[in-house]
Amino acid sequence: TSLKQWYQRRVRGEYSTDDTQGTAHVAMSPDGRIVAIATSNNISLYNSDTAEQIDTLIGIHSDSITRLEFSDTGKYIFTCGKDKTVRVWLSRAGMRRDVELWAESLKSATNPSHKERLKTQIAETTARLAELAALC
């Protein structure tokens, strides 16, 4: 499924197509797990499997977003705006999705060192997410 097909099937109708809304910019994380959609100066992040909205960044530029990209690792989101700024955002949605995947892997892990590493990753990332939530 192409990104355009995903957008049409999963999110169609959510955004107006008239000129007052401007252009929607769409990007998919490198692992294909998260779709980011920028309209105006906001970004909505969706789980690509369920189309569930998992995060929103509101008013992140003083003018419309003109470009939206994920970093190669999917850890960061880059935006450019008509306000002539480039911004870098830590992808909390990606971090939460990682925790979910690690928790699933932990259920089937048999190697003790692998289990310990997964537990450490889950604990560290969960703590970081709590720190970020406290800042907002």
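Trainee: Which residues does leucine 129 touch, not counting residues up to four places away in sequence?

Mentor: Leucine 129 touches Arg92, Met95 and Arg96 once residues up to four places away in sequence are set aside; contact means heavy atoms within 4.5 Å. This is a predicted model, in which local features need pLDDT of at least 70 and side-chain atom pairs count only at pLDDT 80 or more, while totals for chains, interfaces and linings use all residues. Residues are numbered from 1 along each chain as its sequence is written, and side-chain values use heavy atoms, with hydrogens and water left out.

Leucine 129 sits in helix 3, residues 112–135. Helices (H or I, at least four residues) and strands (E, at least two) are DSSP runs numbered from the N terminus. Leucine 129 has 15% relative accessibility and so counts as buried; the classes are buried under 20% relative accessible area, exposed over 50% and partly exposed in between, with a 1.4 Å probe and protein chains only. Arginine 96, one of its contacts, is 33 residues away from leucine 129 in sequence, yet the two C-alpha atoms are 7.8 Å apart.

Helix 2 covers residues 92–108.

Two strands pair if DSSP finds at least two bridges between them.

Strand 3, residues 42–47, has five of its six residues buried, so the rest of the structure largely encloses it. Six bridges link strand 3 to strand 2 (residues 34–39) in the antiparallel sense. Within that pairing, alanine 36 is the bridge partner of leucine 45, and alanine 38 that of isoleucine 43. Strand 2 and strand 3 form a hairpin with two residues between them. Serine 40, in the loop between these strands, has a positive phi of about 55° although it is not a glycine. At a relative accessible area of 33%, serine 40 is partly exposed.

On its other pairing, strand 3 is joined by four bridges to strand 4 (residues 53–57), again antiparallel. Tyrosine 46 stands opposite glutamine 53 there. This hairpin has five residues between its strands, and alanine 51 takes a positive phi near 65°.

A separate set of three strands makes an open antiparallel sheet in the order 5-6-7. Strand 5 pairs with strand 6 (residues 76–81) over five antiparallel bridges, including the one between leucine 68 and threonine 79. Lysine 84 lies in the loop between strand 6 and strand 7 and has a positive phi of about 65° without being a glycine. With 78% relative accessibility, lysine 84 counts as exposed.

Helix 2 also takes part in the largest pocket, supplying three residues, the largest share of the lining. A pocket is an open set of points on a 1 Å grid over the protein atoms alone, where a 1.4 Å probe fits, with protein on both sides within 12 Å along at least five of seven lines; lining residues have an atom within 4 Å of a point. The pocket has a volume of about 220 Å³, the space filled by probe spheres set on points joined across faces, edges and corners. Of its 13 lining residues, Thr73, Gly74, Lys75, Gly94 and Asp98 lie nearest the centre. The lining divides into three nonpolar, six polar and four charged residues; Ala, Val, Leu, Ile, Met, Phe, Trp, Tyr, Cys and Pro count as nonpolar, Asp, Glu, Lys and Arg as charged, and the others, Gly among them, as polar.
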